[in-house]
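Subject: Structure handover

Hello,

Here is the structure for you to look through. Please open it alongside this email.

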Amino acid sequence: MFLGKPNSHIILALDTESKAEAIKVLDQTHDLIDVIKFNYPLILKEGLSLISEIKQRYGLKILADFKVADVPVTNNRIVELVKKAGADAIMVHGFIGTDALLEIMNIANNEIGVIIVTELTHPGGLEFTRPYSIDFANICSLIDAYGIQAPGTRPDQIKQLRNTIGENKTIVSCGVGAQGGDFREVLKAGADFAIIGRAIYNAPNPREVVLNLRESVNV
C-alpha cells in the first residue's frame, strides 16, 4: 500500500555524505530498486526538502527512517512534517507505548504508513529491544499500523515476527549487507523488503551490486 508491491524487494538506505553523492548513486540504481530510505544524517545536512526533491526527480517511494521516539507532542510534529515533505512511510519506535503510537496513527491519517521498530540489528539490540520485540509486533496489529521493522541480521527472528503479525502486514528488514544480513535469507524468512545501504552506495559500481542482488533472488 504505502511502499507499493515489492518488485526488487530492495530499499536503498541512502546514507551518503551529501546530496551530490546521493544523486550519483540514484542515477545508477533508481530503476532497479523499490524504495529510497532516508535517515537523519543526510536530512540534517541537506534539509527536509531533500525528500520532496528526490521523490519528484525519481518517482520512487520514500521511507523516512527517523525512528521517532519521544513524547506525543514531539512525535506528532515530526510525523506531520515528514508527511508534508512527501514521505510514504515513517519508522517509529515501539517502546514509546500504545498511547503515543495511537496519536501517531491519528496524525498519519492513512496518508503515510507507520512502521514500528521491533528490534535493533546491532548486538546491543539484544539487550533492550529483543525482550519486547514480540510485544511491539503485537502493537502493530492492535493499532493496525502498516508494518514493522525486523532485524536482517537475525532471520529466525524475522520468521517469529512474521508469524506474530501474519501475512497482511509489511516487514522491512535492515542490517542487510555491511552488517552481515543476507538478502536471500531475509526474504526467505518473511521480509517484504530488505534495507541495503553501504553495500550499494560504497561500491565502485552500485548498479552492478543491485543487479547481482536481484539476480540472486531471480527478480
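Predicted model: local features only at pLDDT ≥ 70, side-chain atom pairs only at ≥ 80, totals over all residues.

The barrel

Eight strands form a closed barrel. The order is S1-S2-S3-S4-S5-S6-S7-S8, and the pairing is parallel. From one strand to the next, the twist averages 30°.

For a detailed view, take S4 and S5. Strand S4 covers residues 89-93 and strand S5 covers residues 113-117. They pair in the parallel sense over five bridges.

H1 and its two neighbours

Helix H1 spans residues 19-29.

Start with helix H11, residues 206-216. The axes of H1 and H11 come within 8 Å and cross at roughly 45°. That angle makes H1 oblique to H11. The crossing is right-handed. On the H1 side, the contact is made by Val25, Gln28 and Thr29. On the H11 side, Pro206, Arg207 and Val210 take part. By class, the residues of this contact are three nonpolar, two polar and one charged.

Now helix H3, residues 49-58. Here the axes of H1 and H3 come within 12 Å and cross at roughly 25°. Angles under 35 degrees count as roughly parallel, and H1 and H3 are therefore roughly parallel to each other. The crossing of H1 and H3 is right-handed. H1 brings Lys19, Ile23, Leu26 and Asp27 to the contact. H3 brings Leu50, Glu53, Ile54, Arg57 and Tyr58. How do these residues divide by class? The contact of H1 with H3 has five nonpolar and four charged residues, with no polar ones.

H5 against H7

Helix H5 (residues 98-108) packs on H7 at an angle of about 45°. The two axes are 11 Å apart. H5 and H7 are therefore oblique to each other. Their crossing is right-handed. From H5, the residues are Thr98, Leu101, Leu102 and Met105. They meet Ile139, Leu142 and Ile143 in H7. This contact has six nonpolar residues, one polar and no charged ones.

Aromatic pairs

The structure holds three aromatic pairs. One of them is formed by phenylalanine 2 and tyrosine 146. The ring centres are 5.1 Å apart, and the planes stand at 85°. Planes over 60 degrees apart count as edge-to-face, and this pair is edge-to-face.

What does the pair of phenylalanine 2 and tyrosine 146 tie together? Phenylalanine 2 lies in the segment before strand S1 (10-13). Tyrosine 146 lies in the loop between helix H7 (133-143) and strand S6 (147-151). The pair therefore ties together parts that are 144 residues apart in sequence.

Best wishes

Technical notes: Residues numbered from 1 in each chain as written. Heavy atoms only, no water. Axes fitted to C-alpha atoms, helices over the stretch in contact; angles between N-to-C directions. Helix = DSSP H or I, 4+ residues; strand = E, 2+ residues; numbered from the N terminus. Parallel < 35°, antiparallel > 145°, perpendicular 65-115°, else oblique. Left-handed = near helix turned anticlockwise from the far one by under 90°. Contact = heavy atoms within 4.5 Å. Nonpolar A, V, L, I, M, F, W, Y, C, P; charged D, E, K, R; others polar. Pairing = 2+ DSSP bridges. Phe/Tyr/Trp six-rings, centres within 6.5 Å; stacked < 30°, edge-to-face > 60°.
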